Amino acid sequence: MASTKYIVVTVNDDTGVALVRLDRPAKRNAFSQAMVDGLVSIFSQLDASSSVRVVLFAGCPDGPFCAGMDISELSQITTPEGHKRRFLKDLTDAFANFSKPIIAAVVGYALGGGFEIALACDMIVAADDAVFGLPEVKIGCIPGAGGTQRLARALGKHRAMELILTGDSITGKELYASGVVNRALPRQDVFAHATKLAERIGSMSGPVTRIAKQAVLTAENSHIVEGMSTERLLYYSTFSLGDFKEGQAAFLEKRPAKFQHY
């Protein structure tokens, strides 16, 4: 299985576990469009591989997991272009349509799209001090890769609303107490535990685990397709706001944003 410049892929044929690891530490593993394209291709190949029964998805061993979209690229996208490209739909579809179990191993930051991708996985093993958040409101837009939908389902409307409207973060330990992550552990134990869990699942019947996953997702996804479609339209609409441009510029210039509310 071919790795790319910022994505390392290894497959253990004996255990049936594929490790997909983001490796762009200088940008806190923020997604570039090239990384998105690479992940879409990699997940397609892994789903078709008869030797892969489960995927372990991780960031750098000591963190971060992923800081979301690369703001320098995001700031260049207009509302019409977002619609034309169906921006991020290919990435969210790659996770949503993947037939095999995906376990996220989260150490360090999982922000914006990083948190959204973790939520799109089937299980999350996190460091107790991992930092999760959807800070998009602080740069003049909203989550656009499933965050408004999946976090509300996982955490409940009121807590999700607070986190999304303030951009505040929450720890792995707190999310474990809320049932959003499967385990919250000392950061040095996360990868070993997630690997062991993946290997346990990989030892089961591949067809049965795929069918079991499909059955569970049927309960969760009854209305999420419609919800994500609405979220995406609203997300693209923020690209036309003056506050979006100000939020992006402030982030890149490392200064507080001065929103004008239009």
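Which residues form one aromatic cluster with Phe 43?

1. The cluster. This is a predicted model. In it, Phe 43 groups with Phe 57, Phe 65, Phe 95 and Phe 98 in one aromatic cluster.

2. Aromatic pairs. The structure contains 12 aromatic pairs. One of them joins Phe 43 and Phe 98: the ring centres are 5.1 Å apart and the planes stand at 80 degrees, so this pair is edge-to-face. Phe 43 belongs to helix H1, while Phe 98 sits in the loop between helix H4 (89-96) and strand E4 (102-106). The pair therefore ties together parts that lie 55 residues apart in sequence.

3. The cut-off for buried is under 20% relative accessible area. Phe 43 has 2% relative accessibility, so it counts as buried. Phe 98 has 3%, so it too counts as buried.

4. Surroundings of Phe 43. Neighbours within four places in sequence are set aside here. Phe 43 is then in contact with Val 20, Val 55, Phe 57, Ala 94, Phe 95, Phe 98 and Ile 102. Phe 57, Phe 95 and Phe 98 are also members of the aromatic cluster.

5. The core. The largest nonpolar core has 75 residues. Phe 31, Phe 43, Phe 57, Ile 103, Val 106 and Phe 132 touch the most other members. Helix H1 (residues 33-48) supplies the largest share of this core, 6 residues.

6. Charges over rings. Two arginines deserve a look. The charged end of Arg 24 is placed over the ring of Tyr 6, 5.3 Å from the ring's centre. Arg 28 lies over the face of Tyr 109, and here the distance to the ring centre is 4.8 Å.

Terms used: Residues are numbered from 1 along each chain as its sequence is written. This is a predicted model: local features need pLDDT of at least 70, side-chain atom pairs count only at pLDDT 80 or more; totals for chains, interfaces and linings use all residues. Side-chain values use heavy atoms; hydrogens and water are left out. A nonpolar core is a set of buried Ala, Val, Leu, Ile, Met, Phe, Trp, Tyr and Cys residues joined through side-chain atoms within 4.5 Å. Buried means under 20% relative accessible area, exposed over 50%, partly exposed in between (1.4 Å probe, protein chains only). Helices (H or I, at least four residues) and strands (E, at least two) are DSSP runs, numbered from the N terminus. Contact means heavy atoms within 4.5 Å. Rings of Phe, Tyr and Trp (its six-membered ring) pair if their centres lie within 6.5 Å; planes under 30 degrees apart count as stacked, over 60 as edge-to-face and the rest as tilted. A charge sits over a ring if NZ of Lys or CZ of Arg is within 6 Å of the ring centre and within 35 degrees of the ring normal.
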